[in-house]
Amino acid sequence: SALIGNSPAIQKLRLQLRQYADLPFPVLIEGESGSGKEIIASSGLHYETKRRNKPFLALNCAAISANLVEATLFGYARGAYTGAVSSKAGYFEEAAEGTLFLDEIGELALELQAKLLRVLENGEYQRVGETQKRVSHARIIAATNRDLRKEVRAGNFRSDLYHRLSVCSIAAPPLREMGDDKRLLLDYFRRLYADQTRLTPFDLEPEAEKLWRAYPFPGNVRE
């Protein structure tokens, strides 16, 4: 597994991954920024399952302009808009029977949330500019660092989509709750970057290690 650690938080996560791995239902991964949500999706919910030889596609909903998300997800027909000189498949089509990972799902516009809900309900979608119905067999994994329950109450996220996505829900633990796993992660990254740079792994002096252990790591594993 790509998940490093032996803390109760990581053991609980591994148990959930074993339970959810080969189910056909969507999974919602909630957790702070930098807590490893994409690793959980790719390693724990795709590459260690029956779908491992199928595509794994990831889309960050916050990193793409709102007017491009629909065409990116569903594809588009030739002439659907200016510049569409040929038809193009979207992520749902390219993912085939694999996994589609939608990161920062809380950033998705309400109009697109309705279209995503339809795919989750019956698998049906249409390319932009087409009337032909297509069917997706991809498994959807969504991730967010927002509190989607709060977003639902504020009217920013559809409650029906939230309930559909969170059939299987996973909390990515923040690093501060992982105890001595911090040390295991430090050892892993020291070796990794020493190999990449062909330098000797650094050691922390006792005072530095004391400060390091007390640091809360607000940026989590990424930091």
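A salt bridge here is a side-chain nitrogen of Lys or Arg within 4 Å of a carboxyl oxygen of Asp or Glu. Keep that in mind for the first views of this predicted model.

**View 1. Glu-124 and Arg-118 are joined by a salt bridge.** Their side chains meet with an N to O distance of 3.5 Å, so the pair falls within the 4 Å limit. How accessible are the two partners? Glu-124 is partly exposed, at 22% relative accessible area, and Arg-118 is also partly exposed, at 29%. Across the whole structure, a search finds 20 salt bridges.

**View 2. Arg-149 reaches Glu-30 from a distant part of the chain.** In this salt bridge the closest N and O atoms are 3.8 Å apart. Arg-149 is partly exposed, with a relative accessible area of 39%. Glu-30 has a value of 13%, and it counts as buried because the cut-off is under 20%.

**View 3. Arg-127 and Glu-93 form another link between distant parts of the chain.** The N to O distance in this salt bridge is 2.9 Å. Is Arg-127 buried or exposed? Arg-127 is buried, with a relative accessible area of 11%, whereas Glu-93 is partly exposed at 27%.

**View 4. Seven residues are linked in a network of salt bridges.** The members are Asp-180, Arg-183, Asp-187, Arg-190, Asp-203, Glu-209 and Arg-213.

**View 5. The largest pocket holds about 560 Å³ of space.** It is lined by 25 residues, and those closest to its centre are Gly-34, Ser-35, Gly-36, Lys-37 and Ile-39. Which helix gives the most to this lining? That is α2, with four residues. Helices α1 (8-20), α2 (37-47) and α8 (181-197) each supply at least two residues. By type, the lining divides into 13 nonpolar, six polar and six charged residues.

**View 6. The second largest pocket holds about 240 Å³ of space.** Of its 14 lining residues, Pro-24, Phe-25, Pro-26, Leu-120 and Ala-138 are the closest to the centre. Two or more residues each come from α5 (110-122) and β6 (139-144). The lining of this pocket comprises nine nonpolar, two polar and three charged residues.

**View 7. Asn-156 lies in the loop between α6 (148-153) and α7 (159-165).** Setting aside neighbours within four places in sequence, Asn-156 is in contact with Leu-110, Gln-113 and Glu-151. The C-alpha atoms of Asn-156 and Leu-110 are 7.1 Å apart, although 46 residues separate them along the chain. Asn-156 itself is partly exposed, at 39% relative accessibility.

**View 8. Ala-96 and Phe-217 have positive phi values.** Phi of Ala-96 is near 50°, in a residue other than glycine. You will find Ala-96 in the loop between α4 (91-95) and β3 (99-103), where it is partly exposed at 36%. Phi of Phe-217 is near 50° too, and this residue belongs to the segment after α9 (206-214). Phe-217 counts as buried, at 10% relative accessibility.

Terms used. Residues numbered from 1 in each chain as written. Predicted model: local features only at pLDDT ≥ 70, side-chain atom pairs only at ≥ 80, totals over all residues. Heavy atoms only, no water. 1 Å grid on protein atoms, 1.4 Å probe; cavity = no way out; pocket = protein on both sides within 12 Å on 5 of 7 lines; lining within 4 Å. Points joined across faces, edges and corners; volume = space filled by probe spheres on them. Nonpolar A, V, L, I, M, F, W, Y, C, P; charged D, E, K, R; others polar. Buried < 20%, exposed > 50% of the residue type's maximum accessible area, 1.4 Å probe, protein only. Contact = heavy atoms within 4.5 Å.
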